[in-house]
Amino acid sequence: MAYQKAILDLKVEDVVLVKPSKSTPSCILSLSTLDNKVSNNNICQFVHVYRSSTIHDSDSSFNPCHDFKVALSKALFYYYPLAGRLVTHVDGKHRVEIKSNNAEFGVPVLEAIAKCTLSSVHYLDVNDIEMAKHLVLDFPSPQDKSYPLVFMVTKFLCGGFTIGMGISHALCDGFGVSQFFKAIVELANGKSEPSVKPVWERERLVGSINKQPFHLFPMDKESAAFTPFLNQINSTDIKQYCFKVEGEVIARLKLSLMKESENMKFTTFESLAGYVWRSRARALKLSNNGKTMLDILVSIRRHMKGYDPLPEGYYGNSIVDGKLVLKVSELNERPLYEIVKLIKETINVASTTDYVTNWIDTWETINQEEDISTELEASGAVTVLTEWKHLGFMENVDFGKNEVVNFVPAPCKMLATVDVCIFMHPSKIDDDNPLMKGGVKIFTSLPVASMLKFRDEIEALKIERYDQGSNSNPSD
């Protein structure tokens with residue numbers, strides 16, 4: 001079900017700048033090598049959805065934005081770099097830094113009122129989540145890109161509200177964003193300080209120049225598969241959709257894969273990753289003679305031999321990419337368990353100390369260069385897959401008496417590209433459906449014309465047709 005902005009009929013106030021509640025240092029802070037990865041120089045936007053509590057249902061004077069701004073101001077005392085500005089390093093290349101100035105800087109916050117209830121829009125728990133893009137603050141002018149953090153708080157007629165966040169990926173990964181948001185909520189709920197104190201220490205993940213760097217781009221433009229849906233510049237309608245896969249469906253899939261692979265065990269992520277990667281390739285009608293790449297985002301927060309574990313409170317980027325390239329014909333024709341086994345092996349390799357060290361050193365080397373190839377972005381031949389199930393975006397973030405019932409990525413900026421696919425925990429709305437226990441929500445962006453085929457692939461998963469479907473593409 002799609003919703004238009006007119007349904008919200010938003011009344012917006014002026015944007016206000018929220019500053020740290022106490023004096024903070026004026027300084028320039030360097031970022032890590034992983035922070036400066038070129039694809040992280042982008043904005044991620046998402047929305048927390050809060051159902052109204054009985055105490056506020058009929059209280060038109062309740063102002064969640066006021067309480068939020070007070071808590072945000074307190075949190076920024078601890079997370080003061082997020083109130084700064086992104087600046088380009090003096091070498092003028094691809095590296096950025098954060099400039100902090102307590103007297104001048106702050107975080108833009110927009111307050112809005114929607115003339116509808118959250119239940120009327122199903123708490124954003126719908127297949128087509130286009131409406132979420134209207135619940136985040138967006139700055140259209142280029143000069144506004146220096147803000148690393150923005151918020152929009154929207155109150156609904158029912159007393160419920162949404163908190164839309166936009167944050168520079170160069171400052172935080174998903175774990176860091178969740179940690180920061182929990183700090184705001186804790187302070188809003190009466191705590192005197194965050195339970196986890198933030199740690200900057202970006203120098204921990206700064207690499208060394210590598211004379212023999214990794215080959216970071218294992219697939220070039222010439223060998224990449226072609227999709228007929230993305231062959232016209234700026235003319236393809238890309239939308240983000242959410243598909244739900246029930247827990248028992250995942251359990252059956254994992255059992256089937258284990259039997260076919262002679263009792264090899266696979267995680268939920270690995271199992272769904274193989275199926276979704278193949279389903280996207282079929283939905284996009286990728287040419288069989290071309291190559292497709294699965295880019296898996298792998299956390300390095302786990303302890304690895306030879307690496308000191310990152311301290312509790314570290315909120316910078318701690319992700320490396322595990323990349324797997326196959327010909328589309330292989331992806332279509334090989335048994336699914338073989339694809340999933342390759343994914344498992346890719347993740348295991350990307351989790352080793354040698355790989356992480358070489359990965360960071362390679363990016364430090366590349367960050368010194370003038371030109372970084374991004375020609376495969378939005379080509380359709382790449383699927384960037386990340387899991388947000390275990391980042392805690394819906395754990396311990398109830399705002400006072402208001403319960404968080406949903407969390408969705410807003411389909412704009414970084415999360416609107418055709419490459420991105422996200423696995424997430426079910427919403428609280430799904431609590432009414434016992435079949436969703438252990439289930440997964442899949443957010444994926446695709447051309448509208450290819451989404452029907454992707455939906456069919458997900459439906460085939462539910463009826464245990466794991467290795468069936470069309471293996472031929474008319475684009476060959």
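I started with a three-strand open sheet, ordered β3-β6-β5 and paired antiparallel. Strands here are DSSP E runs of at least two residues and helices are H or I runs of at least four, numbered from the N terminus; two strands pair if DSSP finds at least two bridges between them. β3 (27-30) and β5 (85-88) are the edge strands with a single partner each, so one side of each has no neighbour in the sheet. From one strand to the next the twist averages 35°.

Note on the source: this is a predicted model, where local features need pLDDT of at least 70 and side-chain atom pairs count only at pLDDT 80 or more, while totals for chains, interfaces and linings use all residues. Residues are numbered from 1 along each chain as its sequence is written, and side-chain values use heavy atoms, with hydrogens and water left out.

Back to β3: four bridges join it to β6 (residues 96-100). I found Cys-27 opposite Ser-100 in β6.

Next I looked up the six-strand open sheet, β10-β16-β15-β13-β11-β12, with mixed pairing. Its twist averages 20° from one strand to the next. β15 (residues 420-424) and β16 (residues 440-447) pair antiparallel over four bridges, and Phe-423 sits opposite Ile-442 in β16.

Last, the helices. The axes (lines fitted to C-alpha atoms over the stretch in contact, angles from 0 to 180 degrees between N-to-C directions) of α4 (residues 247-260) and α7 (residues 336-350) come within 9 Å and cross at roughly 95°. In contact (heavy atoms within 4.5 Å), Leu-253, Leu-257 and Glu-260 of α4 meet Leu-336, Tyr-337 and Val-340 of α7.
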